[in-house]
Amino acid sequence: GRQARGGRGAASRYGARLRDRGQDYRVDDKSEKETSFESPFILDWWIWSSETKFQCSVPRSLWLGCSNLVESMCALRCLQSMPSVRCLQNTSVMEDQNEDESPKKNTLWQISNGTSSVIVSRKRPSEGNYEKEKDLCIKYFDQWSESDQVEFVEHLISRMCHYQHGHINSYLKPMLQRDFITALPEQGLDHIAENILSYLDARSLCAAELVCKEWQRVISEGMLWKKLIERMVRTDPLWKGLSERRGWDQYLFKNRPTDGPPNSFYRSLYPKIIQDIETIESNWRCGRHNLQRIQCRSENSKGVYCLQYDDEKIISGLRDNSIKIWDKTSLECLKILTGHTGSVLCLQYDERVIVTGSSDSTVRVWDVNTGEVLNTLIHHNEAVLHLRFCNGLMVTCSKDRSIAVWDMASPTDITLRRVLVGHRAAVNVVDFDDKYIVSASGDRTIKVWSTSTCEFVRTLNGHKRGIACLQYRDRLVVSGSSDNTIRLWDIECGACLRVLEGHEELVRCIRFDNKRIVSGAYDGKIKVWDLQAALDPRAPASTLCLRTLVEHSGRVFRLQFDEFQIISSSHDDTILIWDFLNVPPSAQNETRSPSRTYTYISR
């Protein structure tokens, strides 16, 4: 009580002295409330007790809020439990005139809070029995089983206070950290360390190389940059196509490390690939391309109604009843297939056959290598407007308003499974997968049918005029109409997700992948749309169209595209190749690039 009164008196005298200095606050012995908080003053306070000496630098907002010494001590204990407490062991010997001058162990607690700090010195008198008792405890501890030791330590920790837990945590943390990447090779397990690091992306792999020389060695000897590039090529079509076009696929997927370049080659190759990909994306958005043109020069009637391509060839169906096969590199006509008595309106091919549909109402099957006619299907009463085939199933649609489903056992063994009827106008386009057959018609509707049972499922309504084109994949259907709009649909619920506006005439052809939609219309324009933005209802309509490409002088009938190019055909009797990969440096600052023209004159 005497110490408390002395403490309060000292505080009062100190507060009075501060008032003499003209400070804008005071200490009231009764209320002990702070009347102003404008001064950054820190109160230094010494407290003597029988065992402990405290030197406290306390923010006045804390100390002045305590009505007595007991509350002040409680406040100090609260501060001791803060995470910012640091314990420093002081080996110096402090002497006190009022206490025994024997050496004492000191523990300094420093509590930081901005400009404020609390330093508490705890001294425990050394006792002769402590060392003996500690050695005895350790002796018993060593004799116990591991489970008993853990149980004892848990019980011991539970009796400690918060700041002691913090010290134990700081002590244990470095003991629990293991550099397993360095440790595994020491045990002859290099392959495990390499396998762990092989899951890192490029940014993490760069950081891992900087950890230490051993990590860098594991990454280098494990050829992890090569494995990262191989993983991207296996999983991303853009990487796969780029590897083939740039030629670095020859350095990948080698069984023996000695068959290829060192790790440093792949380490330097990776940023070049990323730069290529960024350039391609920029070219798509800015419309920079290298344009190649094939002039078909049809003899009688002009127009290229349909096409499909791969890395070696382009196969096109023309209004003059012929099918022309072009070399994709030289752009020369390799072969002409004749046999249809009407315009070739649709086609699809694989590694074995070409299947074509014509305005002569027939479907013909051709050998893709020899050009020989293998089969002719006569079923529809009017022009065959579109067809698709995959995995032994073919679907055709016609101006006669019907849809025919065929089983394709072989090119020569094709049988009619079912005829789907329900549209009230010409069925212009069909698409399907293992779950649904999707058809679109001039009656303004899209109909969904079950692929397995051929039963009707639902109708998608929304277009104001007839629908000319459609693509279906996963849950998404994208359609183009003579109402000049493009609509995105969820096939499972039938909801229209977005309407794209921009074309000035009928939208005749449309394709999409994971990133973009590309559409062609009777206005002669090809538009590139941001698919991900179109699927986001928050995206403004003005941001959806990335670029409009204008090179055709007539209606755009058909197009296909991949990550690097668009190939389109038109009523102007041309096939255009829009190359977004091999853009000349001179065209990098231009929206449109120079084009070269190839003319084929049929003999």
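Helix α5 gives the largest share of a nonpolar surface patch, 3 residues. Helices here are DSSP runs (H or I, at least four residues), strands are runs of E (at least two), and both are numbered from the N terminus. What you are looking at is a predicted model, where local features need pLDDT of at least 70 and side-chain atom pairs count only at pLDDT 80 or more, while totals for chains, interfaces and linings use all residues. Residues are numbered from 1 along each chain as its sequence is written, and side-chain values use heavy atoms, with hydrogens and water left out.

The patch covers about 510 Å² and is made by Leu136, Tyr140, Trp144, Phe152, Val153 and Leu156. Areas come from the Shrake-Rupley method with a 1.4 Å probe, and for residues only the protein chains shown count as cover. Leu136 sits in helix α4 and is partly exposed at 42% relative accessibility (buried is under 20%, exposed over 50%, partly exposed in between).

## Inside the fold

The largest nonpolar core has 44 residues, and Ile229, Trp248 and Ile566 have the most contacts inside it. A core means buried Ala, Val, Leu, Ile, Met, Phe, Trp, Tyr and Cys residues joined through side-chain atoms within 4.5 Å. Helix α13 (residues 263-286) supplies the largest share of this core, 7 residues. Apart from that core lies another one of 16 residues, including Leu476 and Trp529.

## What the record says

UniProt, in an unreviewed entry, puts "domain: F-box" at residues 190-228; its positions use the numbering here, feature names are shortened, and annotations may be inferred rather than shown by experiment. In the model, residues 190-228 are 77% helix and 0% strand.

Residues 297-336 are 0% helix and 52% strand, with end C-alpha atoms 13 Å apart. For residues 420-459, the figures are 0% helix, 60% strand and 14 Å.

## Two loops with positive phi

Arg401, in the loop between β16 and β17, has a phi near 75 degrees, a positive value in a residue other than glycine. Asp573 is not a glycine either, and its phi is about 70 degrees; this residue lies in the loop between β32 and β33. Arg401 is partly exposed at 44%, whereas Asp573 is buried at 2%.

Key. Buried < 20%, exposed > 50% of the residue type's maximum accessible area, 1.4 Å probe, protein only. Patch = residues over 30% accessible without salt bridge, like charges linked within 9 Å, V, L, I, M, F, W, Y side chains within 5 Å. Salt bridge = Lys/Arg side-chain N within 4 Å of Asp/Glu carboxyl O.
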